[in-house]
Amino acid sequence: MDDKKAAILSEIPRLRRYARSLLRDRDSADDLVQDCLERALVRLDNWQTGESPRRWLFTIMHHLFIDQMRKVNRRGEAAMLPLEAGEAQAAPADQVETIASREIMDALQAISPDRRAALVMVAIEGFSYAEAANILGVPAGTLMSRIARGREELRGLLDDTSRRRSIRIVEK
Amino acid sequence: MTRRDFSERDIHMALDGELPGEERMAYDAWLEANPEMKAKSARYIADRAAMRAALAGVMDDPVPARLRQVVLGEAPAKASAWRSRWWLSAAAAVMLAVGGLGGYVAGVDSIARGGEGDDQLAEQAIAAHVTYAAEKRHAVEVPASDKDHLQTWLSNRVGLKLVAPDLAAEGFQLVGGRLLPAGEQGKAAMLLYEDAKGERISLYVTADSSETSKGTYAAETGGPEAVYWLDKGYACAVVGSLPPERLSDVAKSAYGQLVAGISS
């Protein structure tokens, strides 16, 4: 096996984690990773020696994700998923999720895809602002405002969830 | 020590490791002096920890063989077009936001062929196909030449946003469509397609469904077969007398486009 393929293989766990944060559903996320890997292999020659495989692969995957989100939203419908709907779209129970995990994943799905990608890229995947801005193809200022708004939105959604939960408890 | 005014922006920068080291002490002092900002910072840190914890398991999860195979060049070349429907879950999210059509995406990427079951939808779809596909001159009410009207009319009657799938890649051209009764008091749209040899298939779509299921169904041996999906608020069957493999390909393409159309 050549070095390039070995390098790509070792990035799969991270790609899967990023995809899962973008799409939540396990199979859908792995499908996105598979599309990304297929595209990467076709374009193996475009991968310049010395360029980080991680950055290269994340860029490919991000383009796939954003292109499809744009198509899905081409009529301008809000990309935001109301939290109630997020809860209704029950994730498959491939592993037992704690309530906290479920709530944060639901909230993450409810923020806009652009903000979600920016926030996850930096807060989970550990890319620097410069790297993340490069991968996402936006100026650093845009990236920063997406991160700030994404965090604020996430916090608001989580607060709403816990407020509703306490109401439910009171009602019982 | 550098002196400057800090703001909320710096909370994010500090959190993301973007605050220059020489500013760190001044920033910490600022945070101490501003309880509100300190609380905000603590909250963001807690949310991030929760996110990381929720996603940590993925890293330890064994990599699915199909992903390794892609890289190693051992992947079966087939089925790529269908598998690439991951974005349907994104579409489902939009639909949930727009109007409650969600849910049917679950399990969509593995269509079980040869499923068992006596099913009303499949029977109706096959009956309609047997009746109308055999008609040479009166197979449809509205011809493909009037496609826009056909789509609008059927969408309004059936109560779903119907887009007639483009099956040219599978060798089929739209002939036209008609409106049919479905179930107790529902309505169904039938779209008829024809290939170069005159072989016909039909798509039968109705909003009248409260179950969730999918499979294949044949009313009699040698007769046309239906590949169908049921979901709450939405059901679709593709009927034809094609080799199973080909019918399956057509059905997958049609279904993907119908779902994309409904979500558009």
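Colleague: A residue is buried if 20 or more other C-beta atoms lie within 10 Å of its own; with that in mind, what percentage of the residues of chain A count as buried?
Modeller: This is a predicted model, and from the N terminus on, the elements of its chain A run α-α-α-α-α-α-α-α, with eight helices and zero strands. Among contacts in this chain between residues at least 6 apart in sequence, 66% join residues at least 24 apart. Of the 172 residues of chain A, the share that count as buried is 44%.

Colleague: Over which residues of chain A is the pLDDT below 50?
Modeller: Chain A averages a pLDDT of 80, and 78% of its residues score at least 70. One stretch falls below 50, although in the model it has 43 contacts beyond near neighbours in sequence. Where pLDDT is low, the predicted coordinates should not be read in detail. The stretch of chain A concerned is residues 74-95.

Colleague: Is α1(A) parallel or oblique to α2(A)?
Modeller: Two packed helices are described by the angle between their axes and the distance between the axes. Helix α1 of chain A covers residues 3-23 and helix α2 of chain A covers residues 26-42, and their axes come within 8 Å and cross at roughly 135°. Because of that angle, the relation of α1(A) to α2(A) is oblique.

Colleague: How many nonpolar residues are in the contact of α1(A) with α2(A)?
Modeller: The two helices make a right-handed crossing. Residues of α1(A) in this contact include I8(A), I12(A), L15(A) and L23(A), and those of α2(A) include L32(A), V33(A), C36(A) and L37(A). By class, the contact of α1(A) with α2(A) has one polar and four charged residues, and the number of nonpolar ones is eleven.

Colleague: R24(A) has a positive phi although it is not a glycine; is R24(A) buried or exposed?
Modeller: Most residues other than glycine have a negative phi, whereas R24(A) has a phi of about 75°. R24(A) is found in the loop between α1 and α2 of chain A. Since it has 21 C-beta neighbours inside 10 Å, and 20 are enough by the cut-off, R24(A) counts as buried.

Colleague: With which residues is A117(A) in contact, leaving aside its neighbours within four places in sequence?
Modeller: A117(A) lies in helix α6 of chain A, which covers residues 113-123, and it is buried because 27 other C-beta atoms lie within 10 Å. The C-alpha atom of A117(A) is separated by 9.3 Å from that of A132(A), a residue 15 places away along the chain. Leaving aside neighbours within four places in sequence, the contacts of A117(A) are L22(A), H62(A) and L136(A).

Colleague: How many charged residues does the contact of α1(A) with α3(B) have?
Modeller: α1(A) and α3(B) pack at an angle of about 145°, with their axes 8 Å apart, and the crossing is right-handed. From α1(A) come P13(A), R16(A), R17(A), R20(A) and S21(A), and from α3(B) come L55(B), V58(B) and M59(B). By class, the contact of α1(A) with α3(B) has four nonpolar residues and one polar residue, while the number of charged residues is three.

Colleague: Which residues is A50(B) in contact with, leaving aside its neighbours within four places in sequence?
Modeller: A50(B) is found in helix α3 of chain B, which covers residues 35-60. A50(B) counts as buried because 20 other C-beta atoms lie within 10 Å, and 20 or more is what the cut-off asks for. Leaving aside neighbours within four places in sequence, A50(B) is in contact with A100(A) and I104(A).

Technical notes
Residues numbered from 1 in each chain as written. Chains lettered and ligands numbered in written order. Predicted model: local features only at pLDDT ≥ 70, side-chain atom pairs only at ≥ 80, totals over all residues. pLDDT = per-residue confidence, 0-100. Contact = placed C-beta atoms within 7 Å. Helix = DSSP H or I, 4+ residues; strand = E, 2+ residues; numbered from the N terminus. Buried ≥ 20, exposed ≤ 12 C-beta atoms within 10 Å, placed from the backbone. Axes fitted to C-alpha atoms, helices over the stretch in contact; angles between N-to-C directions. Parallel < 35°, antiparallel > 145°, perpendicular 65-115°, else oblique. Left-handed = near helix turned anticlockwise from the far one by under 90°. Nonpolar A, V, L, I, M, F, W, Y, C, P; charged D, E, K, R; others polar.
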